[in-house]
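Please prepare a short report on the structure shown below.

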Amino acid sequence: MKSYIDIIVVGAGNRGSVYSQYAKTNPEKMRVVGVAEPSEERRAIFAAEYNIDPENCFESYYELAKRSKFADAVVISTLDALHASAVQALAPLKYNILLEKPMAVTLEDCTNIHKAVVENGIIMAVCHVLRYTPHYSELKKILDSGKLGEIYNVQHLEQIGETHFAHSFVRGNWAIEKDTSFSLMTKCIHDVDLVSWFIGNAKCTKISSFGSLSHFKKSKKPAGAGNAKRCIDCSYESECPYSAKKIYLEPAKSGETGWPLNVLTNVVDIENIADAITNGPYGRCVYECENDVLDNQVVNFEFEDGKTASLTMIAFTKEECIRKTRIYGSKGELYSDGDNEISFYEFNSKKTTVIHPNDLEEYKSFSLIPGHVGGDFGIISCFVDSIINNDPSINKSESLEALKSHIYTFAAEESRRSNSVVDPSDLYQF
């Protein structure tokens, strides 16, 4: 049994940088020994931060794959469309893999990733980080305890947040489906996965879905904005909630340096942010972008044994990435605020129990990497432990479990496009 593992980060952007922090919080368990990143500037910054030997710095995972294996695992956090080719290049070298979600942007690529994992006998965890948060870890313990009896219905709401949607899905990397994937996949694969996880082992037999790009399009542009293509040139800017000045420049002037400002520039200051919104994609009018992914969608699920579920994805919310969930069972019901409170009521005792998972002692260390409310720390720590102990079961999101959630998501999009009810088993037989 190993005492620590060495990892290589493939894609040293936001997500790769987050998972790498575990090497700082738990250096006795993980070391970062390599990086593959196409941006020379970003690669150099990352290599300096982790003191990576120059010979272990690569421009791409293709270059990395030409080398003999020199680490225990890779973190693949490239753009979504590159996931499948990265796995195909590195799995045959027997690297264990932590793969950012979604697995891939096509059904064929998702299934090929799973096959590569099985054929090469490696450990892989997909970054369904919400399974690893204190909040949802405790929620699942309640469901598995049987206190609510048989689970028959899940109602789940994903509040994306108006600023987050405008940043990532209108101006940002996930705005155009052909370049990434549809928004249910790129944003709500987490939520489809949670619905599946909450229901348990029952197989989904029917899915229907409806949705559209409701607001972020030229026909909704306020008349006062005229022909302006950028916020800095717009006379309506001060009245627009999606103003790039409000989202990026004003926070920079207040001294903020984190997300989403650090997406615009490697050096976050007023000058660089001002330049980015003047010349870069994040300064564009949200009604004049080429975005085509949905900002409003609902999905209905029917599972075996009469179990049902619904998921709503909506962009226009004050709360950002805060999920609301109600779960109904034969012995009780549960409400989750998606943040730090879970309450459940038991029919027999007529008793309501309230817990605050983030306050529990066993999760105190999760705040060391605060992303996704501790889920980022949770998944990287489980992944590292699964390799140290050679025990894939430590991971809550191994490849087959993740593939199931992706199949359901593809089925939902097929339903929406075809205006029909879809049986997920028609897409892939588990």
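## Division into domains

The C-alpha centres of domain 2 and domain 3 lie 32 Å apart. The division of the chain gives domain 1 (5-122), domain 2 (130-216 + 291-359 + 398-426) and domain 3 (224-279); such bounds come from an automatic or database domain assignment. Between domain 2 and domain 3, eleven residues of domain 2 are in contact with eleven residues of domain 3, where contact means heavy atoms within 4.5 Å.

This is a predicted model, in which local features need pLDDT of at least 70 and side-chain atom pairs count only at pLDDT 80 or more, while totals for chains, interfaces and linings use all residues. Residues are numbered from 1 along each chain as its sequence is written, and side-chain values use heavy atoms, with hydrogens and water left out.

## Annotated regions

An unreviewed UniProt entry carries the annotation "domain: Gfo/Idh/MocA-like oxidoreductase N-terminal" for residues 6-126. UniProt positions are given in the numbering used here, feature names are shortened, and annotations may be inferred rather than shown by experiment. Helices (H or I, at least four residues) and strands (E, at least two) are DSSP runs, numbered from the N terminus.

The feature "domain: Gfo/Idh/MocA-like oxidoreductase C-terminal" is placed by UniProt, in an unreviewed entry, at residues 140-393. Over residues 140-393 the chain is 27% helix and 22% strand, with the end C-alpha atoms 16 Å apart.

Six strands in the order 3-2-1-4-5-6 form an open sheet with parallel pairing; two strands pair if DSSP finds at least two bridges between them. Strand 3 (57-58) and strand 6 (124-126) stand at the edges with a single partner strand each, so one side of each has no neighbour in the sheet. Six bridges link strand 1 (residues 5-10) and strand 2 (residues 30-36) in the parallel sense, and V10 stands opposite A36 in strand 2.

Helix 5 (residues 83-90) packs on this sheet and touches strand 1, strand 4 (73-76) and strand 5 (96-99); its direction makes about 170 degrees with that of strand 4. Axes are lines fitted to C-alpha atoms, for helices over the stretch in contact, and angles run from 0 to 180 degrees between N-to-C directions. Helix 14 (residues 375-388) lies across strand 1, strand 2, strand 4, strand 5 and strand 6, and runs at about 170 degrees to strand 5.

An open sheet of eight strands has mixed pairing and the order 8-9-10-7-11-12-13-14. Its edge strands, strand 8 (204-212) and strand 14 (351-355), each pair on one side only. Strand 12 (residues 332-336) and strand 13 (residues 342-346) run antiparallel and are joined by five bridges.

Helix 15 (residues 399-418) lies across strand 8 and strand 9, at about 55 degrees to strand 8.

## Cysteines

The structure holds zero disulfides, a disulfide being a pair of cysteine sulfur atoms within 2.5 Å. The sulfur of C127 is 12 Å from the closest cysteine sulfur, in C382, and this is too far for a bond. For C188, the closest cysteine sulfur is in C321, at 9.0 Å, again too far for a bond.

C127 is buried, with a relative accessible area of 0%. Buried means under 20% relative accessible area, exposed over 50%, and partly exposed in between (1.4 Å probe, protein chains only). C188 also counts as buried, at 0% relative accessibility.
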